[in-house]
Amino acid sequence: MVRKLSGTNKKDILSLEFSELENEILKLAEPKFRAKQIFDWLHVKRVSDFGAMTNLSAQFRERISSLFCIKSLFALKRLASEQDNTVKYLYELDDNNRIETVMMEYEHGTSLCISTQVGCRMGCRFCASTIAGFKRNLSPSEMLLQVYETERLEGKKVQSLVLMGIGEPLDNFDNVVKFLKILSDERGKNLSLRHVSISTCGIVPKIDELARLKLGVTLSVSLHAGNDRTRSEIMPVNNKYNIGELIDACKRYFDKTGRRISYEYAVIDGVNDRKKNAAELYSLLGGQNCHINIIPVNKIKERSFTSDRKSANQFKKYLESFGMNATVRRTLGSDINAACGQLRREYEV
Ligand code: SAH
């Protein structure tokens, strides 16, 4: 694979929504339909070079390539699980930063887990993505390219998407929304946003902003504790927006969008795995139309948190004793460190 360095002062054309591309084309005094042609080359045919856009005149191709660049990702490493069909990529960005993307096979199709930032500033104690801090936000094009490039390299079409890789999606709100608009554009990949989940540690004002946009995405909330003392210990964001404020925002999200919230609960031995912790969840969420997903915490080498499938199943039973349903998430790709941020840490520059 040839590594391409994109021009730094050229505009990133893959990050433009259709209407923005149309405006750029009109500014160049070209007919509007050129925007549709270019959008198709970029997001359907997915060429990496303006030279390949053969229905544009050579002169116009030269003109746009002097003003815009088509970004690319470089696959530094591919890890394939021997246990299941999970594949993980370590991608290098233009500025040598690295991110991770994971492709998973489920009964209902192919799902992709993408990163939204380089690093993360949220500081969750159990998470590998946050240990070296935050470097920068990803652009819409860098999120799109994780989809396009992984589809190309694996020869598969992505049917559903989770924003659960490195980073906090709601901390890169505008770029994430723009990315979703491009991805769901019927002139492009045309992915239904009903097949997209955004995972958040709980940035309350941004949950409300997302609800107002009514994109139809599922909101996945990383709860991990049902009392403020424990949650603040493992998730510093809780000091800013506590559990009560978070649950209220989730109720507003459901009321506005009709989309059921999915709560994530990573069971950690000796921290949040007791029956009384299940009782806390019952008093918080009992009666709410939501889904609870229990995950055994993934051990990362920098931290001592542990749990296993047994503790996760036991916690599920505790919840059931209160009449609450929950699923225990299948752990895919555990042999390739598929939990977010672990691969990047091994290859940190
Ligand atoms: N910042 C977002 C999305 C990225 S993390 C968020 O907090 O939701 C994606 C999910 O993986 C979150 O639920 C997060 O809490 C969880 N996670 C992170 N590290 C983990 C680990 N070591 N074991 C289990 N789950 C982990």
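**A tour from the ligand to the domain interface**

Begin by selecting Asn298 together with the ligand, where a backbone N or O atom of Asn298 lies 2.8 Å from a nitrogen atom of the ligand, a polar contact in the sense of a pair of N or O atoms within 3.5 Å (within protein, one must be able to donate a hydrogen and the other to accept it, and residues adjacent in sequence count only if both atoms are side-chain atoms). The protein covers 94% of the 530 Å² of accessible area that the ligand has on its own, with areas taken from the Shrake-Rupley method and a 1.4 Å probe.

Before going on, note that this is a predicted model, in which local features need pLDDT of at least 70 and side-chain atom pairs count only at pLDDT 80 or more, while totals for chains, interfaces and linings use all residues. Residues are numbered from 1 along each chain as its sequence is written, and side-chain values use heavy atoms, with hydrogens and water left out.

Next, select Ser222, whose side chain has an N or O atom 2.6 Å from an oxygen atom of the ligand, and then Cys201, where a polar backbone atom is 3.4 Å from a ligand oxygen atom. Widening the selection to residues with a heavy atom within 4 Å of the ligand gives 16 residues, of which Phe126, Ser199, Ser222, His224 and Asn298 come nearest.

Now colour the chain by its domain assignment, an automatic or database one, with domain 1 at 11–69 and domain 2 at 74–348. Across their boundary, 13 residues of domain 1 are in contact with 14 residues of domain 2, contact meaning heavy atoms within 4.5 Å.

Finally, select Arg46 and Glu151, whose side chains meet in a salt bridge at 2.5 Å, N to O; the term requires a side-chain nitrogen of Lys or Arg within 4 Å of a carboxyl oxygen of Asp or Glu. Between domain 1 and domain 2 the count is two salt bridges.
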